Amino acid sequence: MPTVATDTNLPDAAPIEDLIACPHCDALYVAKMPENGARAICSHCHTVLIAPKRQAGKKIIALTLAVMILVFAALFFPFLDINASGFGNSTSILDAASSFRSVDMLFLSFLVAAAIIFVPLLRTFLILYVLVPIVRDRPPLPHARRAFRWSQDLKPWAMAEIFAIGCAVALVKVVDLAQIGFGPAFWMFSALVILVLINDNFLCTWSVWKSLELEED
Amino acid sequence: MACRRCARVWPMGRDRCGRCGGKLSSRDTKSLQKVWAWWIAGIVAYIPANIYPMLVTNTLVSSSESTIIGGAVEIAKYGSYGVAAIILIASVLIPVGKFLAIAFLALSSVRGSSVSPGRRTHLYEIVEFIGRWSMIDVFVVAILSSLVQLSVVASIRPGPAALTFALSVIFTMLSAQAFDPRLIWDAERRAPNGKTP
């Protein structure tokens with residue numbers, strides 16, 4: 001992937017709308033859209049500033065829809081099942097989230113459910129809400145800016161991929177104890193994690209902010 | 001003056017970004033205060049997380065409680081060194097390393113440091129990226145305690161440490177988010193040419 005450093009000329013003459021400041025070190029640049037697939041990188045601290053991809057909007061919408069469907073499906077199908085000495089039990093993702101049943105663990109239950117189901121799901125809704133009008137060249141829906149801001153704020157709290165690795169660790173822990181089987185939801189969840197990671201890679205926040213600004217003016 | 005959220009630049013004196021609505025401040029003056037507050041909360045929650053049991057296992061013949069480190073040692077005894085290593089790294093090495101890294105970043109942005117700002121920015125990015133992965137232990141407990149419910153043969157229940165560990169991870173994530181990485185570069189800009197941006 002070719003890498004392009006942003007313009008490092010002193011930005012005194014440029015209009016303020018065209019400036020971009022590195023969020024990590026506050027260095028100022030004149031924003032210049034790099035070619036698709038290339039990245040603009042802060043020459044000071046090497047933070048990636050702009051990284052547009054070709055047809056990113058449509059790809060993100062497609063992937064986000066897929067994620068949404070998979071989350072719903074993965075919720076209700078059995079996730080893992082276990083058998084030992086004639087006793088069996090199968091569990092869904094909702095069971096895992098609500099496993100902290102006692103009162104003092106209620107908070108933890110809520111937290112796990114939020115991190116692996118609700119926050120990722122909410123993010124898909126927010127991203128669709130913001131991106132669908134942009135891609136179809138329509139004016140943004142009301143509060144699109146707030147929606148996109150929220151989706152960015154929630155990003156670190158969506159922990160589906162961490163849950164997936166947690167499954168692997170849990171499996172190894174009980175593999176001596178009992179027979180483990182994978183339910184359909186397990187495979188859906190694995191696909192979902194990969195889609196989420198690809199999706200985040202496509203999303204260039206600066207481009208989205210820029211087009212939100214242009215559309216509304 | 002720049003918006004940290006969408007990188008739009010505004011003239012001095014605005015308090016909200018007109019593009020994304022994020023709060024603007026030339027420098028977040030309370031940043032370090034918030035960092036230390038969450039940092040201390042994180043440490044306080046991390047102590048009981050190591051003392052109390054994480055998992056309570058009941059089998060036909062016995063009932064055992066295991067702490068984070070105890071559980072990893074037990075797994076290593078069965079020969080799964082890889083898994084034991086993952087658990088130790090995710091729930092001991094990373095949290096402790098994170099506490100040290102955040103403290104170092106916060107201290108060095110006030111007092112200066114021999115480590116170059118580029119390196120420290122890198123460290124900050126690592127801390128931000130890796131912080132969420134400590135939740136893995138909480139998820140393992142959640143999966144195990146919902147899966148292993150085989151009436152009398154074996155059952156696993158979460159212990160009190162699961163809660164405090166989760167809280168500790170959240171507090172340190174908040175602590176890292178409160179840190180304003182621009183502070184790393186300010187000290188450097190002040191030193192050589194004596195002007196602040």
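**View 1. Helices H5(A) and H6(A), whose axes come within 9 Å and cross at roughly 140 degrees.** The model shown here, and in each view below, is predicted. On the H5(A) side the contact is made by A:Ala160, A:Glu161, A:Phe163, A:Ala164 and A:Cys167. H6(A) supplies A:Phe186, A:Phe189, A:Leu192, A:Val193 and A:Leu197. Sorted by class, the residues of this contact are 9 nonpolar and 1 charged, with no polar residue.

**View 2. Helices H1(A) and H6(A), residues 56–76 and 184–202 of chain A, with axes that cross at roughly 155 degrees.** The two axes come within 9 Å. Because the angle is roughly 155 degrees, H1(A) is roughly antiparallel to H6(A). H1(A) and H6(A) cross in the left-handed sense. From H1(A), the residues in the contact are A:Ala56, A:Lys59, A:Ile60, A:Leu63, A:Thr64, A:Ala66, A:Val67, A:Leu70, A:Val71, A:Ala73 and A:Ala74. They meet A:Ala185, A:Met188, A:Phe189, A:Ala191, A:Leu192, A:Leu195, A:Val196, A:Ile198, A:Asn199 and A:Phe202 of H6(A). The class count for the contact of H1(A) with H6(A) is 18 nonpolar, 2 polar and 1 charged. A:Phe189 and A:Leu192 of H6(A) take part in this contact with H1(A) and also in the contact with H5(A).

**View 3. Helix H5 of chain A (residues 160–174) against helix H3 of chain B (residues 81–111).** The axes of H5(A) and H3(B) come within 10 Å and cross at roughly 135 degrees. That angle makes H5(A) oblique to H3(B). H5(A) passes H3(B) in a left-handed crossing. In H5(A), the contacting residues are A:Val169, A:Val172 and A:Lys173; in H3(B), they are B:Val83, B:Ile86 and B:Ile87. The contact of H5(A) with H3(B) has 5 nonpolar residues, 1 charged residue and no polar ones.

**View 4. The interface of chain B and chain A, in which 61 residues of chain B are in contact with 61 residues of chain A.** Between them, chain B and chain A bury about 5400 Å². Of this area, 72% lies on carbon and sulfur atoms. In chain B, the residues that lose the most area to chain A are B:Arg19, B:Phe139 and B:Leu147. Together these residues account for 14% of what the chain B side buries.

Technical notes:
Residues are numbered from 1 along each chain as its sequence is written. Chains are lettered from A and ligands numbered from 1 in the order in which they are written. This is a predicted model: local features need pLDDT of at least 70, side-chain atom pairs count only at pLDDT 80 or more; totals for chains, interfaces and linings use all residues. Side-chain values use heavy atoms; hydrogens and water are left out. Axes are lines fitted to C-alpha atoms, for helices over the stretch in contact, and angles run from 0 to 180 degrees between N-to-C directions. Helices (H or I, at least four residues) and strands (E, at least two) are DSSP runs, numbered from the N terminus. Angles under 35 degrees count as roughly parallel, over 145 as roughly antiparallel, 65 to 115 as roughly perpendicular and the rest as oblique. A crossing is left-handed if the near helix is turned anticlockwise from the far one by less than a right angle, and right-handed if clockwise. Contact means heavy atoms within 4.5 Å. Ala, Val, Leu, Ile, Met, Phe, Trp, Tyr, Cys and Pro count as nonpolar, Asp, Glu, Lys and Arg as charged, and the others, Gly among them, as polar. Buried area is the accessible area (1.4 Å probe) that two parts lose on being put together, summed over both.
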